[in-house]
Amino acid sequence: YLFKLKNLNCQGICTDGEYIYSGTGTTVYKYNILTKAETSATFDSGYYGSNNGMTYNPNDGYIYTATSTSGKGVGVIKASDLTHVQFIDVKDGNNTSLAPTQIAYDRKNNRYILGISANYYIYDDEFNYVSSFSSTHGGTHQDLETDGTYIYKCRSGVSGRGIIAVIDMTR
């Protein structure tokens, strides 16, 4: 099944099971999976950074984006109507603002995993810092996903090919 997105510069992508959401730094697109009908919302230039990472939380109906911008590290968008809710200034264990490029909602443990390169930060469901760790692997770090035990990380530019790194969070 192919689904051709109008947004050819898609950075982040997530789904709630009924819609596919994709984004760039200025626009978030919403596609109905069955009808392919499109809705979009455009924000000020760079409002959401690159939207390299996007995730959906079914508990609150919000899309969370990794903005790549310190001081407003996570953007929150209401999925039902694509309105901006807020920015969250995510901080590490030293209370330093972060500029994450990757984000995933961990449904199993009701928490968020944020990534910057090969560094991972774990937050509770209200974005309070819990812990962090690093993993050594090369290439350009793209988005990530999690099942609660492992992080699945897209990497490009590794020996001329892309790979998926699997990182065990229980180690």
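Predicted model: local features only at pLDDT ≥ 70, side-chain atom pairs only at ≥ 80, totals over all residues.
Of its 171 residues, 45% count as buried. As for how the chain meets itself, take the contacts with a separation of 6 or more: 39% of them link residues 24 or more positions apart.

Now for the sheet. Strands of a sheet pair through backbone hydrogen bonds, and the pairing can run parallel or antiparallel. Here, 4 strands line up as E1-E2-E3-E4 in an open sheet, with antiparallel pairing. Strand E1 (12–15) and strand E4 (38–42) sit at the edges with a single partner strand each, so each has one side left without a neighbour in the sheet. Going from one strand to the next, the twist averages 15 degrees. The partner of E1 is strand E2 (residues 19–23), and the two pair in the antiparallel sense over 4 bridges. Within this pair, Ile 13 has Ser 22 of E2 standing opposite.

Over in strand E15 (residues 161–168) sits Val 166. Setting aside neighbours within four places in sequence, what does Val 166 touch? The contacts are Tyr 150, Ile 151 and Tyr 152. Tyr 150 is 16 residues away from Val 166 in sequence, yet the C-alpha atoms of the two are 6.4 Å apart in space.

How values were computed
Residues numbered from 1 in each chain as written. Heavy atoms only, no water. Pairing = 2+ DSSP bridges. Axes fitted to C-alpha atoms, helices over the stretch in contact; angles between N-to-C directions. Contact = heavy atoms within 4.5 Å. Buried < 20%, exposed > 50% of the residue type's maximum accessible area, 1.4 Å probe, protein only.
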